Amino acid sequence: MSTSTSETPQEQADDVARLREELIRELHELEAIVTPEVERAVRTVPRHLFIPEMRVEEAYAAERHYVTKKDELGVSISSVSAARIQAMMLEQAQVRPGMRVLEIGSGGLNAAMLAELVGETGQVTSIDIDQDVIDRAARLLPAAGYDAINLLRADGEFGAPERAPFDRIIVTVCAADLPPAWSDQLAEGGRLVVPLRMRGLTRSVAFERKNNHLADRGYELCGFVPMQGIGEQRERLVPLHGDEVRLRLDDDQHADGDALAAALTTPRREAWSGITVGKGVRFDGLYLWMAMKLPEFGLLAATKAAVDSGLVAHSWGLGIPTLLDGDSFAYLTYRPTDEDREQFEFGAYGHGPHAEMTAERLAILIRSWDGTSLNARISAHPADTPDESLPPDALVLARRHSRIAITWPSPPQTTAANHWP
């Protein structure tokens with residue numbers, strides 16, 4: 001923790017108390033904290049002690065995460081999640097006193113808050129495949145007063161069978177699949193919270209077991225470091241202009257990087273949908289809708305420098321939905337429709353030999369969105385589940401262990417279910 005050397009211990013403690021209360025107030029405003037139980041856990045655990053590398057002001061910033069380890073390519077493989085994300089997932093998990101909880105992806109801070117939620121009668125087991133991460137947690141937890149948490153080095157793909165069953169399983173790494181061990185190790189009435197990656201988009205999904213499958217009880221937007229071990233399925237980065245503009249692709253998605261890099265240098269074409277949204281209204285459901293409906297889909301990631309230079313119109317940290325069309329592409333954009341910038345229209349910017357047609361294709365898809373996509377339902381079924389046993393009109397992602405089905409309460413008319421590898 002970095003504090004002023006001129007401060008007394010009491011002044012430093014007062015600073016921490018003030019920053020903690022400011023964080024809790026902000027998390028309430030963001031609706032990340034909903035219940036008094038989660039508020040108490042956030043207030044009780046000394047967050048700054050688990051991120052000693054950060055200044056205390058940063059440790060208590062709602063949206064600030066800290067990368068604790070990178071791989072040889074510079075990709076983040078372990079981190080302390082932002083306070084907003086941690087509180088949000090704790091609310092999703094609905095942890096109660098006396099529960100047995102498994103955390104997959106260790107670090108210490110989240111496990112400490114889980115320990116507060118389960119109380120003296122509960123039990124928290126935290127596992128990680130990386131011994132460095134376990135060692136860090138083993139050093140920080142006792143120093144902060146949490147020495148009853150079970151820390152194990154293990155591949156998250158297999159859970160912790162020796163300590164199962166669990167009332168709650170919380171996964172704190174991004175997963176593209178749902179291994180059987182996770183549902184098998186859930187107690188009756190248990191809940192699994194997992195950052196699930198679906199065609200490049202990650203949503204923290206709260207699942208409960210229903211008959212022979214997992215049904216969601218809500219999901220939230222999030223981003224996480226990738227899972228390691230047997231279940232690892234990393235995304236690929238395709239450069240279109242050095243490190244300034246890149247495409248993020250899942251393993252099952254394909255793109256001609258050279259052709260698309262050339263396309264980026266061509267004049268921009270645009271098409272507008274007529275679909276509008278008010279300022280401050282969530283529309284991340286449109287992203288999921290587009291990801292599932294487009295046969296060739298990617299996420300365009302750009303730096304501020306790329307936007308400032310005019311290479312692309314705008315950027316978003318998690319990537320912008322993009323239609324890939326051979327040697328052309330088009331990405332989602334928007335423009336204000338009034339002088340007060342209170343209403344915005346969705347559209348598409350296209351590049352490449354077929355830019356105009358590709359942009360119009362994306363605009364047509366946007367027009368088919370009826371705005372209900374925030375209410376999508378996500379269910380996970382065993383990999384051998386036949387089509388007729390899946391929800392009607394489901395858009396399906398086939399994985400090694402599971403078939404992930406996504407439906408909407410009032411979907412636009414479709415002629416058949418769409419299946420992506």
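This is a predicted model: local features need pLDDT of at least 70, side-chain atom pairs count only at pLDDT 80 or more; totals for chains, interfaces and linings use all residues.
Figure 1. The chain holds 11 helices and 20 strands. Of its 421 residues, 52% are buried.

**Figure 2. Confidence along the chain.** The mean pLDDT of the chain is 88. A score of at least 70 is reached by 90% of the residues. Among the elements, strand β6 (residues 166-171) has the highest mean pLDDT, 98. Strand β20 (residues 419-420) has the lowest, 34. Over residues 411-421 the pLDDT is below 50. That stretch still has 25 contacts in the model beyond near neighbours in sequence.

**Figure 3. Helix α4, a mostly covered helix.** Helix α4 spans residues 83-93. Of its 11 residues, 10 are buried. Among them are the nonpolar residues Ala83, Ile85, Ala87, Met88, Met89, Leu90 and Ala93. Gln86, Glu91 and Gln92 are buried too. Just after α4 comes Gln94. Gln94 takes a positive phi of about 55 degrees.

**Figure 4. Helix α9 packed on helix α11.** Helix α9 covers residues 284-293, and helix α11 covers residues 355-368. The two pack at an angle of about 120 degrees. Their axes lie 10 Å apart. The angle therefore makes α9 oblique to α11. The crossing of α9 past α11 is right-handed. From α9, the contact is made by Trp289, Met290 and Lys293. From α11, it is made by Leu362, Leu365 and Ser368. By class, the contact has four nonpolar residues, one polar and one charged.

**Figure 5. Ile366, a buried residue of helix α11.** Ile366 sits in helix α11. Its relative accessible area is 0%. Buried means under 20%, so Ile366 counts as buried. Leaving out residues up to four places away in sequence, Ile366 touches Ser273, Ile275, Leu332, Phe346 and Gly347. Leu286 lies 80 residues from Ile366 along the chain. In the model, the C-alpha atoms of Ile366 and Leu286 are separated by 7.9 Å.

Notes
Residues are numbered from 1 along each chain as its sequence is written. Side-chain values use heavy atoms; hydrogens and water are left out. Axes are lines fitted to C-alpha atoms, for helices over the stretch in contact, and angles run from 0 to 180 degrees between N-to-C directions. Helices (H or I, at least four residues) and strands (E, at least two) are DSSP runs, numbered from the N terminus. Angles under 35 degrees count as roughly parallel, over 145 as roughly antiparallel, 65 to 115 as roughly perpendicular and the rest as oblique. A crossing is left-handed if the near helix is turned anticlockwise from the far one by less than a right angle, and right-handed if clockwise. Contact means heavy atoms within 4.5 Å. Buried means under 20% relative accessible area, exposed over 50%, partly exposed in between (1.4 Å probe, protein chains only). pLDDT is the predictor's confidence in each residue, from 0 to 100.
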